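Let's walk through a protein model together, one step at a time. Keep the sequence and the 3D view side by side as you read.

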Amino acid sequence: MILSSITTRKGDTFHVCRASSEDVTSIVKLLRDDPIGAAREPDALKDDISAVQDAFHAIDKDPNQLLLVLRDASSSSTSLYSSPSPSPSPSSSPSSSSSPSQTNSNGDIVDVAGTLQLTFIPGLSRGGMLRAQIEAVRVRADERGTGLGSLFLQKALDECRKRGAGMAQLTTDKRREDAHRFYEKLGFVASHEGMKLPLL
């Protein structure tokens, strides 16, 4: 499902789409595409990613989750996705498109240029404000520095506003100094100290 479109300063156009199950391999590759990700994410071509596929289906069924991908508008595969439609409310349960994506000779999906996940969190604090948690933001290496990431995140924030979220929040690894500068330019403020505790 195409939610919106963006054009970079190079003049390239991309569609912001709800991810489909066929995108999972490409998303895993994007998650691995830096030293930190390579150390913790499975190799989509060599490893069993059935647990990741299960996670995708759980995300796709959850009305408070939205997994997005950026799709190259010049790819023929974008015509296989439905035309833009109003975004669903957290109370609805939409399903993703199952249309096939364009692949190269190795079977790799070539038109997925970025991804991120939105989680909408209801809570009692701040007068019952709905919050949007942003996770796993990635842009394909050949599109970094083109402004695509900033435009993608702005579209994601627009989606958060449409759903009634009063605040967007995220965590970013302390080692990702470039990411810190990226988010600060977009107006994010390092107002809290994030903490994690492995349970497995």
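Predicted model: local features only at pLDDT ≥ 70, side-chain atom pairs only at ≥ 80, totals over all residues.

Which side chain meets D33 in a salt bridge? The partner is R144, with 3.2 Å from N to O. A salt bridge here is a side-chain nitrogen of Lys or Arg within 4 Å of a carboxyl oxygen of Asp or Glu. R144 lies in the loop between β5 (131-139) and α5 (148-162) and D33 in the loop between α1 and α2 (35-38), so the pair ties together parts that are 111 residues apart in sequence. R144 is partly exposed at 43% relative accessible area, and D33 is partly exposed as well, at 33%.

Residues are numbered from 1 along each chain as its sequence is written, and side-chain values use heavy atoms, with hydrogens and water left out.

Now step back to the whole chain. Its secondary structure comes to six helices and six strands. Both are DSSP runs numbered from the N terminus: helices are H or I with at least four residues, and strands are E with at least two. The chain has 200 residues, and 41% of them are buried. Contact means heavy atoms within 4.5 Å. Among contacts in the chain with a separation of 6 or more, 71% are between residues 24 or more positions apart.

Let's return to the salt bridges, which number 14 in this model. One of them joins the side chains of D23 and R71, at 2.4 Å from N to O. D23 is in the loop between β2 (13-18) and α1 (24-32), R71 is in strand β3 (residues 65-72), and the two are 48 residues apart. D23 is buried, with a relative accessible area of 0%, and R71 is also buried at 0%.

Another salt bridge brings together the side chains of R176 and D34, with 2.3 Å from N to O. Because R176 lies in the loop between β6 (167-170) and α6 (177-185) and D34 in the loop between α1 and α2, this pair ties together parts that are 142 residues apart in sequence. R176 counts as buried at 17% relative accessibility, and D34 is buried at 19%. Salt bridges can also form networks, and one here links K10, D12, R140, D142 and E143.

What about the inside of the protein? In soluble globular proteins, nonpolar side chains tend to be buried together. A nonpolar core is a set of buried Ala, Val, Leu, Ile, Met, Phe, Trp, Tyr and Cys residues joined through side-chain atoms within 4.5 Å. The largest nonpolar core has 27 residues, and L68, L70, L116 and L118 have the most contacts inside it. Two or more residues of this core come from each of β1 (2-7), β2, β3, β4 (112-121), β5, α5 and α6. The largest share, six residues, comes from α5. Apart from this core lies another, of 15 residues, including I2, C17, V28 and L67.

Let L68 be your guide for a moment. This residue lies in strand β3 and is buried, with a relative accessible area of 2%. Leaving aside neighbours up to four places away in sequence, L68 touches a list of residues that includes L3, V16, L116, F152 and A156. The C-alpha atoms of L68 and A156 are separated by 8.4 Å, although the two residues are 88 residues apart along the chain.

How many disulfides does the model hold? The count is zero, where a disulfide is a pair of cysteine sulfur atoms within 2.5 Å. Of the cysteines, C17 is buried at 0% relative accessible area, and C160 is buried at 3%.

The accessible surface of the chain comes to about 11100 Å², of which 53% belongs to carbon and sulfur atoms. Accessible areas come from the Shrake-Rupley method with a 1.4 Å probe, and for residues only the protein chains shown count as cover. L200 lies in the segment after α6.

Terms used
Buried < 20%, exposed > 50% of the residue type's maximum accessible area, 1.4 Å probe, protein only.
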